[in-house]
Amino acid sequence: MMESPVTIVQIGEGNFLRGFFDWMIHVLRQQGLYNGSIALCQPRPSGRAKLAKLRDQHGIYNLVTRGFEHGEQVERRDTIAVFSKLIDPYTGWDAFLALGEEPQLQVVVSNTTEAGLVYTPEAYEDGKPVLSYPGKLTLLLYRRYEKFGGEPEKGLLLLPCELLEGNGDLLRECVLRYAQDWGLPEEFLAWVSKHNRFLNTLVDRIVTGYPEREADDWFAEWGYSDAALVTAEPYHLFAIEGKPELDHLLPLAKAGLEVKWVPDLTPYRLRKVRLLNGAHTLMTPLSILRGLTHVREVMEHEELGSFVRRTVRDEIIPAVPLPAKEELLSYAESVLERFLNPFIEHKLEAIAMNSVSKFKARLLPSLLHDPSRHGLVLGFAALLRYYKASADADGRYWGRTFEGSTYELKDDRAALEALAVCWSRSAAGSPEELAESMLALREVWGEDLSKVRGLAESVAAAWSEIGALR
């Protein structure tokens with residue numbers, strides 16, 4: 001373990017933070033910009049095994065970064081040594097709370113998944129660990145408040161990396177609710193609110209975890225094994241809704257990393273949702289219907305890859321309500337490059353889960369911006385055909401590709417049922433009438449899309465083009 005002072009408490013031992021934030025701290029230390037270290041804790045009891053692997057390796061592990069960067073294929077290895085303490089809160093509860101007494105502590109970073117950043121009423125008994133992450137944080141902050149007498153400068157910088165909009169605001173709300181539930185002093189609540197910065201963040205990097213296929217060959221080359229090995233793509237973005245002067249606490253931007261301290265995350269969130277996530281949702285239904293299985297396979301496909309690129313460039317970008325179109329084009333190019341990463345097996349079936357709600361958030365605004373755009377209409381028509389399904393005896397819905405193989409649909413049950421009913425009646429009317437009945441499902445789309453002039457006719461024409469009524 002390192003002997004540097006603890007300046008960061010990290011809640012989350014998983015692959016993502018180790019291939020993202022911990023790597024960033026490693027870069028800072030390599031450049032001589034940072035002398036602090038991380039105390040690592042897992043949010044759930046199930047994380048004990050991963051913590052044990054790191055403990056066996058004295059907190060040291062390797063990150064292999066590989067993929068395309070500026071058009072060139074790269075592969076590089078970093079040996080990450082940033083942890084000074086590894087603490088299991090469930091067997092070392094007081095050791096966890098004692099982190100709040102660390103005099104040089106400045107930052108708490110977390111990634112507990114979306115399910116971990118929630119308020120759930122929970123009793124607290126002195127000396128026994130609480131289960132929720134916000135509850136743990138509340139008690140760590142209270143220990144710090146007591147230790148330092150509520151000194152304003154001992155407040156912390158909180159950086160939740162969970163993929164939730166307004167994650168910093170949400171974490172603050174949870175902490176204050178737990179403090180009220182447990183009868184902690186009003187003065188403590190005031191200290192939390194006034195002297196601790198809960199910042200909203202947006203993170204973007206694919207961290208692919210342990211590489212089963214390559215690991216043994218690498219270990220033979222390196223001369224040792226690494227049970228905590230992780231891999232990641234080259235691209236990374238850490239956007240933080242906070243003042244740029246906070247970079248003096250964590251000089252991430254100074255180190256040349258893609259870290260942005262910004263007054264508003266909206267542009268970064270919007271471009272990610274509309275371009276990266278939108279491109280995924282655009283390609284997935286049609287590609288599954290055509291028998292493809294992975295994102296890279298789609299991008300390497302002459303016809304489908306061209307369809308995705310053209311639609312992103314000519315139809316999605318013009319509909320994004322942000323002024324810097326050149327930046328959007330540059331970001332889109334980086335996204336499409338990431339999709340071609342030969343080391344990432346991103347399955348379309350995973351992207352296809354809950355496609356209705358994803359379409360509404362990611363693509364419907366672009367479609368409504370100009371309902372005559374061919375690529376977006378084609379993507380919408382393919383989505384509707386993808387939901388041509390029937391339920392089995394267990395209530396699971398299954399569709400068929402154009403070649404006849406089956407796939408399971410996983411989505412809101414009411415949406416599945418409503419769309420299935422429309423398809424069951426399709427033989428009784430024309431394709432235009434079928435499209436109109438599906439577009440009129442206000443409970444599915446949140447509005448009556450059949451009122452959008454010409455959209456039903458365009459969808460019916462797109463079905464004919466892709467042979468979707470087969």
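Select the two domains in separate colours: 24 residues of domain 1 are in contact with 15 residues of domain 2, contact meaning heavy atoms within 4.5 Å. The model is a predicted one, in which local features need pLDDT of at least 70 and side-chain atom pairs count only at pLDDT 80 or more, while totals for chains, interfaces and linings use all residues. Residues are numbered from 1 along each chain as its sequence is written, and side-chain values use heavy atoms, with hydrogens and water left out.

The domain assignment places domain 1 at 6–262 and domain 2 at 266–466; such bounds come from an automatic or database assignment. The C-alpha centres of domain 1 and domain 2 are 35 Å apart. Between domain 1 and domain 2 an area of about 1700 Å² is buried, and carbon and sulfur atoms give 59% of that area. Buried area here is the accessible area (1.4 Å probe) that two parts lose on being put together, summed over both. Next, select Phe68, Leu202 and Tyr235, which supply 29% of the area that domain 1 buries against domain 2, more than any other three residues.

For a view of the record, select residues 7–244, which UniProt lists in an unreviewed entry as "domain: Mannitol dehydrogenase N-terminal". UniProt positions are given in the numbering used here, feature names are shortened, and annotations may be inferred rather than shown by experiment. Over residues 7–244 the chain is 32% helix and 24% strand, with the end C-alpha atoms 19 Å apart. Helices (H or I, at least four residues) and strands (E, at least two) are DSSP runs numbered from the N terminus.

**The nonpolar cores**

Select Phe380 and Trp445, the residues with the most contacts inside the largest nonpolar core, which has 79 residues. A nonpolar core is a set of buried Ala, Val, Leu, Ile, Met, Phe, Trp, Tyr and Cys residues joined through side-chain atoms within 4.5 Å. Buried means under 20% relative accessible area, exposed over 50%, and partly exposed in between (1.4 Å probe, protein chains only). Helix 9 (residues 266–289) gives the most to this core, with 10 residues. Because domain 1 (6–262) and domain 2 (266–466) both give residues to this core, it lies between them. Apart from this core lies another, of 42 residues, among them Phe20, Tyr61, Leu199 and Val259.

Return to Phe380 and display its surroundings. Leaving aside neighbours within four places in sequence, Phe380 is in contact with Phe359, Leu367, Leu439, Trp445, Leu449, Leu455 and Val459.

**Helix 16**

How many of the 13 residues of helix 16 are buried? The number is 12, so helix 16 is largely enclosed by the rest of the structure. Among the buried residues are Gly375, Phe380, Arg385 and Tyr386. At 1.5 Å a residue, helix 16 (residues 374–386) should span 18 Å, and its end C-alpha atoms are 18 Å apart, which agrees. The expected span is 1.5 Å times one less than the number of residues in the helix.

Move to His26 in helix 2 (residues 21–30). His26 is buried, with a relative accessible area of 8%. Not counting residues up to four places away in sequence, His26 touches Asp78, Thr79, Ile80 and Val82.

Next, select Val74 in strand 4 (residues 72–80). Val74 has a relative accessible area of 18% and is buried. Val74 and Pro234 are 160 residues apart in sequence, but 8.1 Å apart in space, C-alpha to C-alpha. Beyond residues up to four places away in sequence, Val74 touches Thr65, Arg66, Gly67, Glu69 and Pro234.

Then select Leu171, which lies in helix 6 (residues 167–181). Leu171 is buried, with a relative accessible area of 1%. Leaving aside neighbours within four places in sequence, its contacts are Leu117, Tyr133, Pro134, Leu137, Leu158, Pro160 and Phe198.

**Two loop residues with positive phi**

Select His58, in the loop between helix 3 (48–56) and strand 3 (61–69). His58 is not a glycine, although it has a positive phi of about 55 degrees. His58 is exposed, with a relative accessible area of 52%.

Finish at Asn354, in the loop between helix 13 (348–351) and helix 14 (355–362). Is Asn354 buried, exposed or partly exposed? Asn354 is partly exposed, with a relative accessible area of 33%. The phi of Asn354 is near 55 degrees, a positive value in a residue other than glycine.
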